[in-house]
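Please examine the sequence and the model shown below before reading on.

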Amino acid sequence: MRKIFRFNSGLGCLTCRPGFTLAEVLVTLGIIGVVSAMTIPTLMQNHQRKTYVTQLHKVYNEFQQAALAQITSRNAINLTEAGVRSDAAMGTFIKNQFKVVQDCTGTPSDCLADSYTNMNGGAVTSYSDTTAPCFVLASGAAICAKYQVSEREVVNDSGVVVGIYIDYIANLMGDLIIDINGKQGPNVVGRDLFIAGIYSDGSVKSALQGPRPIRPGEEIKTNLAKCQSATKIERQGDASYCFNEILSNNWEMDY
């Protein structure tokens, strides 16, 4: 009869794996929950910023492509030669080159939000120029394009504004108010609403022609601080600095 001997090394089963206790599982889940609570809001905010910039960049590219198409179709060298020389002509250009789903010319509040705030939570005067053509595009973006040549305030040595200098050389021919998602939120200047400049060559760039003069008693702010505390939707106003911040940071919203 064969005898079977069992050898026990005292080390236990070499192929067995010890399990986790309930306490260990709960501690692990707790750590994961704490880390998630700390990181997810930041990730969501970063994602939202990228979404805003992506939508803004889309309108930016589409407008420049439309301007080039307008210039080419008229065998012109710039938008002025292509016939864009008034608010009405600006509206015709947009309707010809974009898929427009709503025309709000005369009542910009039909395209833009009823109210806006700045990044500091303050109220911002809504855009109310009834002569500027305003539209909602198929993408959902709302745009108002105001035709006007570049204007600069003239100040004396005391910092008092004494007149307006009309600059035809700068080639800035209009303003472009862009709400990347129309009436949808957050309706905050510098987040989903921006002011850019339309130039005669069809490019979209800063609406500011050099630094705005400092008025007597006015607080000196950084460009970002001006953007964050904007109170009016207008060119040469603080709201114009928001688009500048995006461009200067290579299409990154890092504020």
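## The link between Cys 134 and Cys 144

Cys 134 and Cys 144 form a disulfide, with 2.0 Å between their sulfur atoms; the term is used here for a pair of cysteine sulfur atoms within 2.5 Å. Because Cys 134 belongs to strand S4 and Cys 144 to strand S5, the pair ties together parts that are ten residues apart in sequence. Helices (H or I, at least four residues) and strands (E, at least two) are DSSP runs, numbered from the N terminus. The link of Cys 134 and Cys 144 is right-handed, with 120° about the S-S bond.

Are these two cysteines buried or exposed? Cys 134 counts as buried because its relative accessibility is 0%, and Cys 144 is likewise buried, with a relative accessible area of 0%. Buried means under 20% relative accessible area, exposed over 50%, and partly exposed in between, using a 1.4 Å probe and protein chains only.

## Basis of the model

The structure is a predicted model, in which local features need pLDDT of at least 70 and side-chain atom pairs count only at pLDDT 80 or more, while totals for chains, interfaces and linings use all residues. Residues are numbered from 1 along each chain as its sequence is written, and side-chain values use heavy atoms, with hydrogens and water left out.

The quantity pLDDT is the predictor's confidence in each residue, from 0 to 100. The protein chain averages a pLDDT of 86, and 84% of the residues score at least 70. Among the elements of the chain, strand S4 (residues 134-137) has the highest mean pLDDT, 98, whereas strand S6 (residues 150-155) has the lowest, 63.

## The other disulfides

How many disulfides does the rule give? The count comes to three. A disulfide is a covalent bond between the sulfur atoms of two cysteines. When the bonded cysteines of the protein chain are numbered in sequence order, the pairing is 1-2, 3-4, 5-6.

One of the disulfides joins Cys 104 to Cys 111, with an S to S distance of 1.8 Å. The link of Cys 104 and Cys 111 is right-handed, with 90° about the S-S bond. Cys 104 is buried because its relative accessibility is 0%, and Cys 111 is buried because its value is 2%.

Cys 227 lies in helix H3 (residues 223-228) and Cys 242 in helix H4, so the pair ties together parts that are 15 residues apart in sequence. The link of Cys 227 and Cys 242 is right-handed, with 105° about the S-S bond, and both cysteines are buried.

Why is helix H4 (residues 240-248) described as largely enclosed by the rest of the structure? The description applies because seven of the nine residues of H4 are buried. The buried residues are Ser 240, Tyr 241, Cys 242, Phe 243, Asn 244, Glu 245 and Ile 246. After H4 comes Asn 250, whose phi is positive, near 55°.

## Strand S8 and its partners

Strand S8 (residues 172-179) is largely enclosed by the rest of the structure, because eight of its eight residues are buried. Two strands pair if DSSP finds at least two bridges between them. Strand S5 (residues 142-147) and S8 run antiparallel and are joined by six bridges. S8 and strand S9 (residues 193-199) also run antiparallel, joined by seven bridges.

Ile 178 in S8 stands opposite Ile 143, and the bridge partner of Ile 178 in S9 is Phe 194. Gly 174 has Ile 198 as its bridge partner in S9.

S9 is mostly covered, as seven of its seven residues are buried. In a regular strand the side chains alternate between the two faces of the sheet. Leu 193, Ile 195, Gly 197 and Tyr 199 point one way from S9, whereas Phe 194, Ala 196 and Ile 198 point the other way, and all are buried.

S9 also pairs with strand S10 (residues 204-205) in the antiparallel sense over two bridges. In S10, Val 204 is the bridge partner of Ile 198. The hairpin of S9 and S10 has four residues between the strands, and Gly 202 in this hairpin takes a positive phi near 95°.
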